[in-house]
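Here are my notes on the two-chain model you sent over, as numbered points. Have the coordinates open while you read.

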Amino acid sequence: MRPLHALGILLSLVLVTLLVACANGGKGGLNLQSVDINQLVQNVKGLREVSEPEEIQIGDGVTETLLGARPLQDDVELQRYVNVVGLWVARQSERPNLPWHFAVNDSDYINAFATPGGNIVITKGMIRVLHNESELAGVIGHEVSHVVRKHHLNAIRKNSAFGLLMQGVQAGTGNRSQDVVNALAGPTKELYARGLDKSDEFEADRMGVVIAARAGYDPWGLPAALQTLAGVNPDDDYVKLLFKTHPAPSARLEKLAVALGTNFDSVTGGPQSNDQFLRITERVRAVAAK
Amino acid sequence: MKHEPWRWLAPALLLMSGAAAAETGYTLQLTDLKAKPFLDADTLTKLPEKTEVEIVLRQGPWMQVKTKSKQLGYVRMLQLRLGSTPTAKDSNGWVSVLGPGATSPRPSSTTVTMTGGVRGFSEEELKASKPNKAEYDKMKTFTATPEQAAAQAANSKLAARTLPYYGEDGKPLKDQGGKK
């Protein structure tokens with residue numbers, strides 16, 4: 001949040017609180033005695049930085065809503081595989097010690113989601129269009145970058161109900177609070193249907209390439225995945241939400257072409273063999289919805 | 001395009017070295033066709049904008065392609081778009097959402113037909129979501145340890161390395177890059 005914006009909200013809160021106090025005082029004068037200082041402090045706290053435990057709690061609530069829209073793909077080997085690959089990639093980021101969790105959901109639509117605190121959900125449909133583990137690592141790198149830069153957390157903080165939400169988060173930190181999960185459902189749906197700022201997506205592309213390359217993967221995995229998406233009919237239902245919430249893949253590729261240039265021409269990589277990726281993802285690629 | 005079951009019968013795409021053979025693409029602009037995947041390699045010819053090519057394989061930032069006149073060479077990957085040229089696009093000109101593995105890359109695979117509905121993740125389905133604690137708890141049972149991640153990486157010959165981030169202009173960033 002920009003400082004001026006935050007200051008504006010703070011002043012508004014103080015003003016509203018004082019007005020309420022005046023009204024309650026009833027005698028026409030300003031009655032500071034009746035200003036609910038505790039409430040004011042709570043509201044102001046909504047504007048402060050969110051601690052890491054609080055961020056993790058928010059992310060867990062967001063994840064419950066994402067998994068409520070579509071459950072996990074029923075494939076233990078695949079789930080363990082994306083967790084191993086995902087954690088290896090995430091460990092190369094600036095937030096290696098978050099409690100990273102990765103999941104493939106049972107959706108044929110192509111998409112991937114990051115939540116605050118380090119939960120990443122990738123659709124089965126996304127897995128299906130990837131050619132190899134470097135492309136998977138690139139997609140994961142993009143999502144990890146959102147978490148590293150706190151893109152979703154900062155977007156949720158702009159929600160008008162955030163101050164109230166944080167009171168619940170504070171009360172619930174350390175214990176799972178169903179109230180917080182429920183309170184997050186609305187903002188989660190709104191944010192994940194609307195998407196982040198385009199600049200956040202472009203930044204996550206630039207960083208995702210680097211994080212995957214740091215993990216030893218071919219840096220061109222993410223661009224290759226985007227290139228596949230750029231060829232998908234944008235009117236297709238399978239990509240509608242992805243394309244609504246992200247800049248067009250062709251625009252992302254154009255930005256990446258400038259940012260990457262020839263910087264990575266001498267950076268090779270990738271797993272020695274693609275057999276494991278092909279074997280583990282074969283079930284979701286070959287088996288259609290039952 | 002809606003969910004037509006026939007789309008699950010998309011032609012097989014063979015997987016070779018990380019790129020699907022029989023995929024087509026086209027040039028975004030006048031593009032050098034290089035003899036080898038290096039910037040200073042000989043230029044075999046210049047491909048005009050919207051030249052359709054067959055993609056043979058991807059090698060880092062390069063795509064090995066075959067032109068309609070059967071000439072093989074390399075072009076920069078980001079100078080290509082997949083599928084047919086925009087003007088030629090019809091229902092077959094797009095990349096299949098079923099992807100390279102719509103049918104297995106292995107020759108022994110059988111064609112799969114879709115016998116049920118598509119599982120979507122549309123805006124409507126997102127908005128109708130109710131938080132699902134059971135699935136969240138299940139997700140956590142698959143968590144990897146750093147040791148497992150490192151062991152798997154070592155097994156795949158993936159070595160961690162230090163690389164900086166780059167800005168929009170392609171220049172390395174100092175503030176958040178350089179170190180892990």
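Predicted model: local features only at pLDDT ≥ 70, side-chain atom pairs only at ≥ 80, totals over all residues.

1. How many of the residues of α4(A) are buried? The count is 12 of the 15, so α4(A) is largely enclosed by the rest of the structure.

2. Which residues of α4(A) are the buried ones? They are Leu78(A), Gln79(A), Tyr81(A), Val82(A), Asn83(A), Val84(A), Val85(A), Gly86(A), Leu87(A), Trp88(A), Val89(A) and Ala90(A). The cover over these residues includes β1 (101-105), β3 (119-123), α6, α10 (198-214) and α14 (275-286) of chain A, and α3 of chain B is part of it as well.

3. Now the nonpolar core. The largest one has 110 residues, and those with the most contacts inside it are Val85(A), Val89(A), Ile110(A), Ile122(A) and Ala212(A). Helix α4 (residues 76-90) of chain A gives the largest share of this core, 9 residues. Val85(A) and Val89(A) are also on the list of buried residues of α4(A). As background, in soluble globular proteins nonpolar side chains tend to be buried together.

4. Ile110(A) deserves a click of its own. Leaving out residues up to four places away in sequence, Ile110(A) touches Thr123(A), Gly125(A), Met126(A), Val129(A), Leu229(A), Tyr238(A), Val239(A) and Leu242(A), plus Val97(B) from the other chain.

5. Helix α3 (residues 52-69) of chain A passes the length check too. Its 18 residues should span 26 Å at 1.5 Å a residue, and its end C-alpha atoms are 26 Å apart, which agrees. This helix is mostly covered, with 14 of its 18 residues buried.

6. Next, a helix pair in chain A. The axes of α6 (residues 133-148) and α11 (residues 221-230) of chain A come within 7 Å and cross at roughly 95°. Anything from 65 to 115 degrees counts as roughly perpendicular, and α6(A) and α11(A) are therefore roughly perpendicular to each other. On the α6(A) side the contact is made by Ser134(A), Glu135(A), Ala137(A), Gly138(A), Val139(A), Gly141(A) and His142(A), while α11(A) brings Gly221(A), Leu222(A), Ala224(A) and Ala225(A). Sorted by class, this contact has 5 nonpolar, 5 polar and 1 charged residues.

7. On the overall make-up, chain A has 14 helices and 3 strands, whereas chain B comes to 3 helices and 9 strands. Read from the N terminus, chain B runs β-β-β-β-β-β-β-β-β-α-α-α. Of the 290 residues of chain A, 53% count as buried; for the 180 residues of chain B the figure is 34%. Taking contacts with a separation of 6 or more, residues 24 or more positions apart account for 72% of them in chain A and for 48% in chain B.

8. What about the interface? In it, 90 residues of chain A are in contact with 78 residues of chain B. The side of chain A that touches chain B divides into 40 nonpolar, 28 polar and 22 charged residues.

9. Ser156(B) is one to look at from the chain B side. It is found in the segment after α3 (146-155) of chain B. Is Ser156(B) buried or exposed? Ser156(B) is buried, because 21 other C-beta atoms lie within 10 Å and the cut-off for buried is 20 or more. Apart from neighbours within four places in sequence, Ser156(B) is in contact with Pro271(A) and Gln272(A). The C-alpha atoms of Ser156(B) and Thr43(B), 113 residues apart along the chain, are separated by 35 Å.

10. Last, two backbone angles to check. Lys150(A) has a positive phi of about 55° although it is not a glycine, and it sits in the loop between α6 and α7 (151-157) of chain A. Lys150(A) is partly exposed, with 18 other C-beta atoms within 10 Å. In chain B, Lys50(B) has a positive phi of about 65°, again without being a glycine. Its place is in the loop between β5 (43-47) and β6 (52-59) of chain B. Lys50(B) counts as partly exposed, with 15 C-beta neighbours inside 10 Å.

Conventions. Residues numbered from 1 in each chain as written. Chains lettered and ligands numbered in written order. Axes fitted to C-alpha atoms, helices over the stretch in contact; angles between N-to-C directions. Helix = DSSP H or I, 4+ residues; strand = E, 2+ residues; numbered from the N terminus. Parallel < 35°, antiparallel > 145°, perpendicular 65-115°, else oblique. Contact = placed C-beta atoms within 7 Å. Nonpolar A, V, L, I, M, F, W, Y, C, P; charged D, E, K, R; others polar. Expected span 1.5 Å × (residues − 1). Core = buried A, V, L, I, M, F, W, Y, C linked by C-beta atoms within 7 Å.
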